Protein chains: 2
Amino acid sequence: MIKQVLIGTLCGAVVLTAGILIGHYGIKKSSSSPPSWVNDVAKDVDEGFIEMFMSEVDNIQIQENLRELTKVPHMATTAGDEQTVQFMLKRWQDPQTGLDQAWREEYKVYLSFPDPKNPNNVTVVSPTGNVLHIAREKEKSYTSDQNDPEVVQPYAAYSPAGHPKGRLVYANQGKPSDYQLLNQTVDLRGTIAITRYGGAGRGDKAINAAPYGVVGVLVYTDPLDINDGLMSDINETYPHSWYMPPSGVERGSFGADFGDLLTPYLAAKEETYRIRAEDITGIPPIPIQPIGFEDAYILICELGGGAAPSEWQGAFNCTYNFGGPGFKQTSAFHNSDVKLNIHNYEEVKSSSNVMGVIRGSVEPDRYVIYGNHRDSWVHGAIDPSSGTSVMLELTRVLGKMVKQGKWRPRRSIIFGSWGAEEFGLIGSAEYTEQYLAKLSERTVAYINVDIAVFANATLRASGMPSVQNVIFKAAKQVSAPGLDSTSVYDNWIQYSNRTSPTHGTIPKMGYLTGAGSDYAAFVHYLGITSMDISYTYDRSKTNARIYPAYHTAYDTFDYSSKFIDPGFVSHQAIARTVGNILIRLADTLVLPLNCTDYAESLEDYLTVSVNLYQEKLQAKNISMEPLKRAVTSFRSAATHLDKVILTSDLANETPLKIRMINDQLMLLDRAFLDPLAFPDKYAYRHVIWASSSAGKSTFPGLADAYANANSSGLSSDWDKVHYHLSVLSQAIEGAANTLSDVI
Amino acid sequence: MIKQVLIGTLCGAVVLTAGILIGHYGIKKSSSSPPSWVNDVAKDVDEGFIEMFMSEVDNIQIQENLRELTKVPHMATTAGDEQTVQFMLKRWQDPQTGLDQAWREEYKVYLSFPDPKNPNNVTVVSPTGNVLHIAREKEKSYTSDQNDPEVVQPYAAYSPAGHPKGRLVYANQGKPSDYQLLNQTVDLRGTIAITRYGGAGRGDKAINAAPYGVVGVLVYTDPLDINDGLMSDINETYPHSWYMPPSGVERGSFGADFGDLLTPYLAAKEETYRIRAEDITGIPPIPIQPIGFEDAYILICELGGGAAPSEWQGAFNCTYNFGGPGFKQTSAFHNSDVKLNIHNYEEVKSSSNVMGVIRGSVEPDRYVIYGNHRDSWVHGAIDPSSGTSVMLELTRVLGKMVKQGKWRPRRSIIFGSWGAEEFGLIGSAEYTEQYLAKLSERTVAYINVDIAVFANATLRASGMPSVQNVIFKAAKQVSAPGLDSTSVYDNWIQYSNRTSPTHGTIPKMGYLTGAGSDYAAFVHYLGITSMDISYTYDRSKTNARIYPAYHTAYDTFDYSSKFIDPGFVSHQAIARTVGNILIRLADTLVLPLNCTDYAESLEDYLTVSVNLYQEKLQAKNISMEPLKRAVTSFRSAATHLDKVILTSDLANETPLKIRMINDQLMLLDRAFLDPLAFPDKYAYRHVIWASSSAGKSTFPGLADAYANANSSGLSSDWDKVHYHLSVLSQAIEGAANTLSDVI
């Protein structure tokens, strides 16, 4: 009986178990089991993956990338440029470490070159026609790099050709105020003006000069502005230090606008309509040529006329005079002219962007774009190849993870290796023109890393206020180069900080108000939330405008590895930081973009503008109340949205609710676009971050309109202030509306 | 044994069953059960709900809505207008049948009115100053409606005040070609021109006249154009038929642009910047006044000069002469002048939109907008209250379902009762300016039903090609008024059809290329997929430009219920049709917008433009290949997307995949916007549907630029053709890119 009971119980247990198993696995629940995608769509960023990524980022890989990229000069559209195109494609199409896809996109763009068979020159010519001095036509060689026949002669891209000759004058930085002051002392008609870099855009030095009758312009880098005053002792400058040798010359584009100059607002394809070259605006109307400071020294120290003001004086051991016009009586150059022989020519050439993508798994139609230009002036070890070598290391590590099936981002990542940036951000601008609608609709953020490492002291970051938080988060997780126990963040805050009403003392970020690199079209034309990140100087140790080899033949692997970032640890820190940011933007469930930080910046701008303008505007019967109300609306909507994000259990919500919030965050900057806000500024549409000439930390269009009205006193100009106030208030209210409850 | 076996088997079965039950219900599957939202997000439109909706739509409710709305004249910003605001709010805030929320939005807009104390008049004045004839100042009364003191005197809104006097001439429709021809016969300086409605915009009749020295303009409706020639017999016109009585006058806005005229591109709020009235463009530079045809008859039949061409002749039983200038020798008016006394004044007044919403359940951040203006010129029973009474019936039925918890749309529905449309689509334009970013980002479609019923013969629909399919689908499900066994669709196809390469014979839809109603800002300024729907005439039975009471004091409940839609069954059919469309747009899982139909329209446009322009463009070295390639790209991307939609099991896909496709469909029209494409056209940005003066069924900017170049022959004008071709090709390629695979 016991046996029977035992068997019976055993049988019963077996049958019961079978039943349980059948019931559990064999019969579908009436509510069907969750679809497989339910977990995917709720997945958040994987912190472990970020750590793994950071640990894989290798400084030696970056160093070898840089070595390869800087073997030869790779100015846009040259054979060297094509070599880098092939290199990028090979890396991004690598079966083990490449991206999902990579390809090139070509544009036919308008470029300007010196004639190698007929080099530009600058001479001092006596009244009888004797050449008394010839400025050096190319930089002195210190390493084999400078001997490469592909080193382009220093020149001013988009300077017209011509042979102007005239008495020399010194015009400081070539600002409007400089020429105005100079013109009070010297008759500028028919003169050649020598100017130093800084204070005004490159081309502006010629544009500002022409109305005074100046016929040609020289530009050089004063040792005061680049070498902390050092200049002549051979041991002081490269190859013995990072300072600019006396023959070094900064090349550059002398056009003011960005994008291909013949196809404004249109992608420069074969059959695209092109304006006539004579209708291009923003380029020098008169010839201009850059020279080294060894020649500038010879010219400036011989100038006659009265002494220029103290702010005009540079590092040369002589008084900088205005010029008689021309050289002083005691000079061997007395009565001599300076003559420019400029043989620049323009040509429409084929320039390539190299594009690569990693397809997003859950939201492939959301893009995080990461870009850097590929073209340099000469070898470009720092500008841009520091950035390119970092980008290639990011794509190697991420590509490997993708190829091994270990990772695929939630959102798509697009990498852009832009062409012809040095001629005016052309590749990135054409790309945004061609894909305007698609990019506007889908881009979460643009990360620009051009020069990744200016110097090895501290992080530098600029961007829309909404990206501050994710940059901080990443910077806290990366060790500062050479300082294992200090984070990039803790190091940064020591170099540059500010007090935020919300966050207390934090690192100080910049804004992207200009067009200094490829972020310009993304920020200003498309209104895409962007950031620009690099490692940079200890400003207590140098006043150099920029690293001294900038745009010279000395910007080489040798220079970078010896004087900028020995061991490439700052490159590595940047790669880790921006990679961390990139992964967060691509993978985080709720986009790591913060709209209350945006409100803080708008409030700062408002305070400044009220302090500066309100009194006078009231007297003109122009109310600032709509602007104040708009900023208040924005703050209140941003605070509300932030609260929704913090208090909702979003991972358990429908993915469409998260998507809704993410769209609000993604599209925030788009709401600030107004294509009619800046009729005089090419491609500037973002009413908060447009460039401004007023030099105030506030709303750019308001500051410029106010400065203009205040100077002219015309009631039509005060009307323009009122008009812009309405444009601005409406844009901010409009942006606030996009952050409010959707209905 | 058998018993034992039986018991054992029974026990085993019980135990097994218990096990199955435990296993099924007692143990959670290792993958947790699906979140509650999984079914919600995959829910498609409910056909049963649509049927229920349609059966609830009641013609008597519509009739009573109309009766209430037309009790008094409700011209924008008058007391009558305010009464309709209150009525709308009451209905939309009704606890049983209202919407989730309803409110008013006010704008301070620039309007133009006649002076009630000093009515405008038109007289014939003899050389000695005797008044020989006074044109009727107000329309004749046939019902009590015309006696309402709030009936505004017929006038031309935005005509300047003034007292011009001169010899009369007849200028046909006041087109540029009309004045040009007339000027060959008559010296127009100092004359008053009488013109008939049609052929040119209202204000254009004065704008085109001024350059010839014409000092004032009259405009009337010729019986040929409105009454099928009938005019004088009392039994032929209202109140005995739908035809216009001899004293009837069409009022209207004489401004060319849409939106508040003082605040271009800015929402007209209290402190918004306003341009100076003298800087307004597109309004008559000289006084203009509309009169009835009974007065026009007296003036025209007395005119001297030669006989006007046959196309200029109207229905009057006399020859229409050019004018001597002035009256013929045999006339009692010989040597007399016509004098206009215009006392119009302009005023900034507060105009309201009434807004109402039903919150979306799954995608609240996607909007279907349904709108109609509320303001009329007089009682406006047809224009606009036929539309408003239909809208109120829709909101009653839908609101009741929402309040009873029986239905909530997937997407949000926004209802707009626009103010001041008659003065230039002002309320809707200000709304789009104020909420530009939000509406651009989130609006799936805009449905405009202004005049719901012009007449009771057939459906009429215009819109972007992508809405054709959903309109057809709805039209097939509604019975044509009075024809239970024929659908609106089958009835429609008999009146207007075309052959589509894809669909065969289908009803012919129109395009929204102008600014005839409140869709204008949505289509042209925001690039939102839109449609405009109504019931209209049997064109074989009348040539009337529009229903004859249009903008007169006869557009009353009496007129509508007797002559337009007795029984309100056409109103009911429209309500069912547009409600069906509205529900589909709001509820369908994959948006019912078809991009291959868009491709078909682009191909039609391309064929026309190649036929018309290619030969001459080739001779000018301008290639149409980029345009052809763009249209091919668009077709291929559209076909591909359509295939993805048809072949994917989208209901079982992640909701983010459906959202991705829906975003592609929703944003398609946005991709065609270019704020720089039409520098001379206010607020026109959509490169496919902008207005055009060339009168060709093809790309508007290309047609206009070609016509201009072809007439001037200037190479700079041919450049503009090439430029616009590039703008257009880039926009179409850009749109194609948004339809392609996202990455």
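Predicted model: local features only at pLDDT ≥ 70, side-chain atom pairs only at ≥ 80, totals over all residues.

## Around A:Ile732

Setting aside residues within four places of it in sequence, A:Ile732 is in contact with A:Leu602, A:Leu627, A:Ala630, A:Val631, A:Phe634, A:Phe672, A:Ile688 and A:Phe699.

## The nonpolar cores

A:Ile732 also belongs to the largest nonpolar core, which has 237 residues. Along with A:Phe423, A:Ile471, A:Tyr547, A:Phe634 and A:Phe699, A:Ile732 touches the most other members. Helix H23 of chain A (residues 715-739) gives this core its largest share, 10 residues.

There's a second, separate core too, with 234 residues. Among its members are A:Ala437, A:Met660, B:Leu261 and B:Tyr706.

## Two helices in chain B

B:Tyr706 turns up again where helix H22 (residues 700-712) meets helix H23 (residues 715-739) in chain B. The axes of H22(B) and H23(B) are 8 Å apart, at an angle of about 170°, so the two helices are roughly antiparallel. Their crossing is left-handed.

On the H22(B) side, the contact includes B:Gly701, B:Leu702 and B:Ala705. H23(B) brings in residues including B:Trp718, B:Val721, B:His724 and B:Leu728.

## A serine tucked into a strand

Is B:Ser530 buried or exposed? B:Ser530 counts as buried, because its relative accessibility is 0%. You'll find B:Ser530 in strand E21 of chain B (residues 530-536).

A polar atom of the B:Ser530 side chain lies 2.7 Å from the backbone oxygen of B:Ile528. Leaving out neighbours within four places in sequence, the contacts of B:Ser530 include B:Tyr446, B:Met464, B:Leu512 and B:Phe522.

Key: Residues numbered from 1 in each chain as written. Chains lettered and ligands numbered in written order. Heavy atoms only, no water. Core = buried A, V, L, I, M, F, W, Y, C linked by side-chain atoms within 4.5 Å. Buried < 20%, exposed > 50% of the residue type's maximum accessible area, 1.4 Å probe, protein only. Helix = DSSP H or I, 4+ residues; strand = E, 2+ residues; numbered from the N terminus. Contact = heavy atoms within 4.5 Å. Polar contact = N/O pair within 3.5 Å; in protein donor to acceptor, adjacent residues only side chain to side chain. Axes fitted to C-alpha atoms, helices over the stretch in contact; angles between N-to-C directions. Parallel < 35°, antiparallel > 145°, perpendicular 65-115°, else oblique. Left-handed = near helix turned anticlockwise from the far one by under 90°.
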